[in-house]
Amino acid sequence: ASVTESLSVMAYDRTGFAWVDGTSSGAYNEDGTLKENADVIYVTPDNKDTVSLAVVKDAKGNKQTATGLQNILDLVKKGYANPLDIRMIGNITDFAVMDHGDIVVDGSSKGNTNGVTFEGIGEDATANGWGIRLKNVSNVEVRNIGFMNCDSEEGDDVGLQQGNDHVWVHNCDMFYGDAGSDADQVKGDGALDCKRSTYITFSYNHFWDNGKCNLLGLKGESDDMYITYHHNWYDHSDSRHPRVRSYSAHVYNNYYDGNSKYGIGACLASSVFAENNYFRNCKYPMMISEQGSDVYGSNVGTFSSENGGMIKACGNVIFGAARFVDQT
């Protein structure tokens, strides 16, 4: 232990679409201080199934006590709870109560707008064997957690499943999960995927040798959806950095290192602004489906059979690529 006479605390870098028309700071204020009325729970390997909280459950302020993290979050779903800060300490393996192998934050019509933060305390906070899944929620933050060995049905370390807005996932380590049943799931199904959600920021994350990092969007989405990826490290991961469908994505200041398949992939009318990224030994830094690098020399696409999107590239550095075809 040590004591200091002065301590300076600085807020994280709050930039990107997650702060357009709202906030993604979860249980925290914009200056990095905890909200005054926030509830704080500490989850450890010893108390993970016995941690409890009295949660506000209705407009009259009545409370109900729940035991276990998923049961607490099921009460938060009612939409009346105080901001909730979930602080993880140590190596947290599967809980006794989960939703198909994940811990799920599920929203109601009220959207859980008071804010939820998942954060690791210290240098070794780990979600081991499970993922965090978000559904129909607003103002959620996930930070400072290492994810590994995920074997949930959804298969993602963190998954934005549907109907979310203003979500911020940052300063996390994403290790690959348990092998899935398909040939392209040897390193797990995914790491940090986003579907049918908007005003999102993914920043300062380290992806460790993942097979598929960032799937963005599904087929048939037509709403205006916006997301920012910045200052992420794609460390010898294979693909989807991100793979973009339909979205408007700003991808800047990311480091791509030793990526065996491709960096950014655009299809299905997506719009990507790739700015000031560094690609080192990334096989195909940027690909548009059925165009350019994807079909060069063979006229047969390898990235995707879907219609292409568009990538506007500015200020990127590319070193050691197998191919990069652009249009100037």
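Guide: A residue is called buried when its relative accessible area is under 20%, exposed when it is over 50%, and partly exposed in between, using a 1.4 Å probe and protein chains only. The model is a predicted one, in which local features need pLDDT of at least 70 and side-chain atom pairs count only at pLDDT 80 or more, while totals for chains, interfaces and linings use all residues. Residues are numbered from 1 along each chain as its sequence is written, and side-chain values use heavy atoms, with hydrogens and water left out.

The part to look at is a parallel open sheet of 10 strands, running in the order E1-E4-E7-E10-E13-E16-E19-E22-E25-E28. Strands (E, at least two residues) and helices (H or I, at least four) are DSSP runs numbered from the N terminus, and two strands pair if DSSP finds at least two bridges between them. Strand E1 (39–43) and strand E28 (310–314) each have a single partner strand and stand at the edges, so one side of each has no neighbour in the sheet. On average, and with direction ignored, neighbouring strands here are turned by 10° against each other.

H1 is mostly covered, since six of its eight residues are buried, namely Leu69, Gln70, Ile72, Leu73, Leu75 and Val76. These buried residues pack against E1, E4 and E7, and also against strand E2 (52–56), strand E3 (63–67) and strand E6 (102–106).

Charged residues come next. Side chains of opposite charge can pair when their charged atoms come close, and a salt bridge is a side-chain nitrogen of Lys or Arg within 4 Å of a carboxyl oxygen of Asp or Glu. The whole structure holds 13 of them. One joins arginine 87 to aspartate 85, with the closest N and O atoms 2.6 Å apart. Arginine 87 counts as buried because its relative accessibility is 15%, and aspartate 85 is buried as well, at 0%. Both belong to a network of salt bridges that links Asp85, Arg87, Glu119, Glu141 and Arg143. Another salt bridge brings together the side chains of aspartate 106 and lysine 135, at 3.8 Å from N to O. This pair links distant parts of the chain, with aspartate 106 in strand E6 and lysine 135 in strand E9 (residues 131–135), 29 residues apart, and both residues are buried.

Glutamate 306 and arginine 245 also meet through their side chains in a salt bridge, at 2.8 Å from N to O. Here glutamate 306 comes from the loop between strand E27 (284–288) and E28, and arginine 245 from strand E21 (residues 243–245), so that the pair spans 61 residues and again links distant parts of the chain. Glutamate 306 counts as buried at 9% relative accessibility, as does arginine 245 at 10%.

A further open sheet gives context: nine strands, also paired in parallel, follow the order E5-E8-E11-E14-E17-E20-E23-E26-E29. Its edge strands, E5 (91–92) and E29 (317–319), each pair on one side only. Within this sheet, strand E17 (residues 206–208) and strand E20 (residues 233–235) pair in the parallel sense over three bridges, and phenylalanine 207 has tyrosine 234 in E20 as its bridge partner. Strand E8 (residues 126–128) contains threonine 126, which is buried, with a relative accessible area of 13%. Apart from neighbours within four places in sequence, threonine 126 is in contact with Met88, Gly90, Asn91, Ile92, Gly146 and Met148. By contrast, glutamine 327 lies in the segment after E29 and counts as exposed because its relative accessibility is 74%.

Definitions and conventions: Axes are lines fitted to C-alpha atoms, for helices over the stretch in contact, and angles run from 0 to 180 degrees between N-to-C directions. Contact means heavy atoms within 4.5 Å.
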